[in-house]
Amino acid sequence: MKSLNLLIKPASGHCNMRCRYCFYEDEISLRSGQNEDMMDAQTSETVIKEAFAAGAQESLTFAFQGGEPTMAGLDFFKNFVALVKKYNTAQLQISYAIQTNGLAIDEAWADFFVENGFLVGVSLDGNKAIHDSLRNDAAGRETWNRVTKNLAILQKKQVELNILCVVTKLCAKSPVKVYNQLKKLGVRYFQFIPCLDPLEVKRGSMPYSLTPDLYASFLCGLFDEWYRDWQGGNYNSVRLFDDYVHLMMGMPAGTCATSGSCGSYFVVEGNGSLYPCDFFCLDEWNLGKIGKTPLADLLQGEKCTRFLQDSLQHPQACATCRWKSICNGGCKRDWIRLDNENYNYFCPAFKTFFAHAEKRLAEIAQAELQAYKTAQYKG
């Protein structure tokens, strides 16, 4: 393999916030045994050694998520980076990323991120009212003001940033306000991800649940604003829309949800347990523990192979869908059983969106292709 991407949970599910919709808290509650081990120095070193031994030929990406990964402490990350340098004898290209709620960020963290080239994703849900209604700290206090203050520290230090916004029911009702508020923060790279309901409840039944109708309305409203910015020469990256444009250009998608298959990364829990996807960190899909079994063997094991093959069994409705080539069935976590067949819960939302945006997506793709050809000619 050319590259290997690991999503590491150094603090497992430990977090200094209590977001009402936290999907990882839900997953941990459904697992058996010891579930919330903080990653110790020995486990992190084992993970690093195994990552280099797994056979990647060109690059390794170490991304960190939680829970809240900064709860592992800055010293953990400093030691991790030092060990990567120690074991990178083959001089592979190394990339780092972290997704954080931003509460613990200060100048020391920001300096570390800059010095080591971390891409930092900060979680902010749209605007203050939406965010503070769902993302309180462990004491129940609002967090928007503290997170945006710490975001400014990262910006001052020129850390590479993006904002991740979870699209909940409340968020979906205000796509224009949400988009424009996030732009005001001075960041130009955004991810908008649909909120997940707990695994053992009916989809759409939670107070914050995102329904297909609401998601369709959100995507269409967001796209209209994004397209107007593009027309005016004020490009802002919305990862989902970027993926659709790239697919129309004949380029690969940047996320597994739009690529049509799982396997773009693997999750390492705090105790070294390996899972094939962040949305499936469950006993059923525990691939084994790094240190007890070589990582290379875990990646080639029967359970991992089965998970990846299952992701290729797209909902039957995809076979005749006119937008199959850019939708690719969506995220496997959104597949539900209906009439004994897989069906994407958000399929109606995507159909509405593509009907609304297809021509303009194609327009952007054509313009980007032309710009690329012109640049190649001049080069």
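**Entry 1: the second largest cavity**

I looked up the lining of the second largest cavity by class, and I found seven nonpolar, four polar and two charged residues. Here Ala, Val, Leu, Ile, Met, Phe, Trp, Tyr, Cys and Pro count as nonpolar, Asp, Glu, Lys and Arg as charged, and the others, Gly among them, as polar. The model is predicted, so local features need pLDDT of at least 70 and side-chain atom pairs 80 or more, while totals for chains, interfaces and linings use all residues. Residues are numbered from 1 along each chain as its sequence is written, and side-chain values use heavy atoms, without hydrogens and water.

How much space lies in the second largest cavity? I noted about 90 Å³ for the second largest cavity. Its lining has 13 residues, and Cys256, Cys262, Gly330, Cys331 and Lys332 are the closest to its centre. A cavity is a set of points on a 1 Å grid over the protein atoms alone where a 1.4 Å probe fits but cannot get out, and lining residues have an atom within 4 Å of a point. Points are joined across faces, edges and corners, and a volume is the space filled by probe spheres set on them.

**Entry 2: the largest cavity**

I then counted the cavities of 30 Å³ or more, and the structure holds two. The largest cavity has about 140 Å³ of space. Its lining is made of 14 residues, and Cys318, Cys321, Cys327, Gly329 and Cys347 lie nearest the centre. By class, I wrote down nine nonpolar, three polar and two charged residues for this lining.

Which helix gives the most to the lining of the largest cavity? I found that α15 does, with four residues. Helices α14 (324-327) and α15 (347-378) each supply at least two residues of this lining. For the names, helices (H or I, at least four residues) and strands (E, at least two) are DSSP runs numbered from the N terminus.

**Entry 3: a pocket, and Lys332 again**

Next I turned to the second largest pocket, which has about 370 Å³ of space. Its lining has 15 residues, with Phe280, Lys332, Arg333, Trp335 and Ile336 the closest to the centre. A pocket is an open set of points with protein on both sides within 12 Å along at least five of seven lines. Strand β11 (residues 335-338) gives the most to the pocket lining, with three residues. I sorted the pocket lining into eight nonpolar, one polar and six charged residues.

Lys332 was already in my notes as one of the residues closest to the centre of the second largest cavity. Which rings does Lys332 lie over? Its charged end sits over the ring of Phe307, 3.7 Å from the centre. Lys332 also lies over the face of Trp285, at 5.5 Å from the ring centre. For this, NZ of Lys or CZ of Arg must be within 6 Å of the ring centre and within 35 degrees of the ring normal.

**Entry 4: aromatic pairs**

I counted 36 aromatic pairs. Rings of Phe, Tyr and Trp (its six-membered ring) pair if their centres lie within 6.5 Å; planes under 30 degrees apart are stacked, over 60 edge-to-face, and the rest tilted. Why is the pair of Phe76 and Phe80 tilted? The ring centres of Phe76 and Phe80 are 6.1 Å apart and the planes meet at 40°, so the pair is tilted. Phe76 and Phe80 sit four residues apart in helix α3 (residues 74-87), about one turn of the helix.

**Entry 5: cysteines**

How many disulfides does a search of the whole structure find? I found zero disulfides, which are pairs of cysteine sulfur atoms within 2.5 Å. For Cys19, the nearest cysteine sulfur is that of Cys15, 6.0 Å away. Cys19 counts as buried, at 13% relative accessibility. For Cys171, the nearest cysteine sulfur is that of Cys165, 3.8 Å away. Cys171 counts as buried, at 0%.

**Entry 6: two last residues**

Is Tyr345 buried or exposed? Tyr345 counts as buried, because its relative accessibility is 12%. I placed Tyr345 in the loop between β12 (341-344) and α15. Tyr345 and Asp334 are eleven residues apart in sequence, and their C-alpha atoms are 5.6 Å apart in space.

Phe52 lies in helix α2 (residues 41-53). Its relative accessible area is 16%, so Phe52 is buried. Phe52 and Leu74 are 22 residues apart along the chain, and I noted 23 Å between their C-alpha atoms.

Definitions and conventions. Buried < 20%, exposed > 50% of the residue type's maximum accessible area, 1.4 Å probe, protein only.
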